[in-house]
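Subject: The structure to look through, with notes

Dear colleague,

I am handing over the structure we spoke about, and I would be glad if you opened it beside this message and followed the notes with the residues in view.

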Amino acid sequence: MHISEGILSPPVLIGGAVLSAAAVVQGLRELDDEDIPRAAVLTAAFFVASLIHVPVGFSSAHLILNGLLGIILGWAAFPAILVALLLQAVIFNFGGLTVLGVNTFILAVPAVLCRMLFVPVLRRSHTRTAFALVGALAGGLAVTLSGLLGAAAIAASGRGFRPVAGALLAVHLPVIITEALITAGIVSFLSRVKPGMLVRKKK
Amino acid sequence: MKLSTTIARAAFYCLLPFSVFAHGLGAERIEGGTGIAATYSDGSPMAFVDVTVYAPDAEEEIFQEGTTDRDGRFVFFPAMTGKWMIEVDDGMGHALRKEVEVLNEPAALPSPSAKTNPLTGVITGLSIIFGLFGCWALWRSRRGAKG
């Protein structure tokens with residue numbers, strides 16, 4: 001889910017960069033000192049996940065993990081995703097430097113939404129099944145929303161929304177399922193081992 | 001730390017990504033190939049018409065599809081020696097089949113220019129991520145200690 005250089009129009013690129021920059025600042029403010037190592041580990045996971053390819057017919061899509069990042073990091077998903085995408089662009093030529101803002105926005109907004117939607121549910125969850133279910137929903141929803149946002153960004157640059165959204169979601173369907181399973185597994189595991197990572201105590 | 005040293009360091013780290021940026025996707029120029037120039041009986045070129053190529057070893061299976069250029073030319077790279085069949089069809093009832101015999105073994109593909117080894121990339125990326133967050137944590141803790 002990296003939009004390449006040369007597809008989006010300048011207003012979309014600038015808009016994405018400005019919104020992402022503001023959200024990154026917000027994310028850094030919310031990142032407590034003791035959460036920094038956690039953010040580093042998740043940034044690393046996100047960075048590596050993009051190299052794990054899920055075969056889709058003759059094409060392939062890769063893992064994204066933005067739902068998981070969102071649930072654990074909240075707004076701090078913005079700086080985490082920005083750093084990971086920057087390195088992916090520089091080292092592997094995924095996406096690109098000018099589209100960095102838009103790509104960050106596309107992947108991080110669903111992450112933050114996942115936290116807003118699902119963490120209140122997690123606070124009231126007690127069984128492992130409930131945690132797994134919420135994890136699956138978050139994992140699947142985040143990728144779906146990113147696909148729609150990506151299509152919207154491409155549509156705003158003068159292409160039809162429907163065909164792009166359809167193609168993006170079709171390619172990402174296996175990823176949505178895989179991510180739902182992986183996020184479900186990790187969230188249910190964390191609920192047993194380290195519940196504080198999912199549901200932060202209120203200060 | 002002196003201001004000049006700080007500026008020099010900042011410049012170095014800002015320029016660093018561009019040296020890495022030289023890697024990634026790449027294309028090599030190739031030349032040669034074999035093909036046909038298709039014309040109508042009046043000598044005008046069969047421009048922008050459909051072309052289908054069949055390999056010598058699989059006459060039923062399409063090897064390649066394409067379109068002629070404005071002068072009716074179509075060139076492809078045969079993967080083996082033998083008799084290749086090229087079909088040209090303008091979709092308006094004019095079609096021709098032309099056999100092209102390839103005698104020379106195809107040239108080897110050009111070796112791709114240096115690519116980043118994925119493992120090197122992963123290690124580099126992870127080092128930078130942890131380094132970056134480490135510096136951030138250090139800066140935060142120092143500022144906290146001062147304040």
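This is a predicted model: local features need pLDDT of at least 70, side-chain atom pairs count only at pLDDT 80 or more; totals for chains, interfaces and linings use all residues.

Two helices in chain A

In chain A, the axes of helix α3, residues 66-73, and helix α4, residues 77-92, come within 9 Å and cross at roughly 140°. Angles over 145 degrees would count as roughly antiparallel, and α3(A) and α4(A) are therefore oblique to each other. On the side of α3(A) the contact is made by A:Asn66, A:Leu69, A:Gly70 and A:Leu73, while α4(A) brings A:Ala77, A:Ala80 and A:Ile81 to it. If you sort these residues by kind, you will find 5 nonpolar, 2 polar and no charged.

A:Asn66 sits in helix α3 of chain A and is buried, since its relative accessible area is 0% and buried means under 20%. Its side chain makes a polar contact, at 2.9 Å, with the side chain of A:Ser146. Leaving aside neighbours within four places in sequence, the residues in contact with A:Asn66 include A:Ile81, A:Leu107, A:Pro110, A:Val143 and A:Glu179.

Two residues with a positive phi

A:Leu65 belongs to the loop between β2 (59-62) and α3 of chain A, and it has a positive phi of about 65° although it is not a glycine. In chain B, B:Phe48 also has a positive phi, of about 50°, and is not a glycine; this residue lies in the loop between β1 (34-37) and β2 (50-55). Are these residues buried or exposed? A:Leu65 counts as buried at 9% relative accessibility, whereas B:Phe48, at 59%, counts as exposed.

Chain B as a whole

Chain B holds 2 helices and 6 strands, and from the N terminus on its elements run α-β-β-β-β-β-β-α. Of its 147 residues, 19% are buried. The chain exposes about 10800 Å², and carbon and sulfur atoms supply 59% of that area. Among the contacts in chain B between residues at least 6 apart in sequence, 48% join residues at least 24 apart.

B:Val53 lies in strand β2 of chain B and counts as buried, with 0% relative accessibility. Beyond its neighbours within four places in sequence, B:Val53 is in contact with several residues, among them B:Ile62, B:Phe63, B:Phe74, B:Trp84 and B:Ile86.

B:Arg97, by contrast, counts as exposed at 54% relative accessibility, and you will find it in strand β6, residues 95-102, of chain B. Not counting residues up to four places away in sequence, B:Arg97 touches B:Met85, B:Ile86 and B:Glu87. With B:Glu87 there is a polar contact between the two side chains, at 2.2 Å. B:Arg97 and B:Val51 are 46 residues apart in sequence, and their C-alpha atoms are 9.7 Å apart in space.

Notes:
Residues are numbered from 1 along each chain as its sequence is written. Chains are lettered from A and ligands numbered from 1 in the order in which they are written. Side-chain values use heavy atoms; hydrogens and water are left out. Axes are lines fitted to C-alpha atoms, for helices over the stretch in contact, and angles run from 0 to 180 degrees between N-to-C directions. Helices (H or I, at least four residues) and strands (E, at least two) are DSSP runs, numbered from the N terminus. Angles under 35 degrees count as roughly parallel, over 145 as roughly antiparallel, 65 to 115 as roughly perpendicular and the rest as oblique. Contact means heavy atoms within 4.5 Å. Ala, Val, Leu, Ile, Met, Phe, Trp, Tyr, Cys and Pro count as nonpolar, Asp, Glu, Lys and Arg as charged, and the others, Gly among them, as polar. Buried means under 20% relative accessible area, exposed over 50%, partly exposed in between (1.4 Å probe, protein chains only). Accessible areas come from the Shrake-Rupley method with a 1.4 Å probe; for residues, only the protein chains shown count as cover. A polar contact is a pair of N or O atoms within 3.5 Å; within protein, one must be able to donate a hydrogen and the other to accept it, and residues adjacent in sequence count only if both atoms are side-chain atoms.
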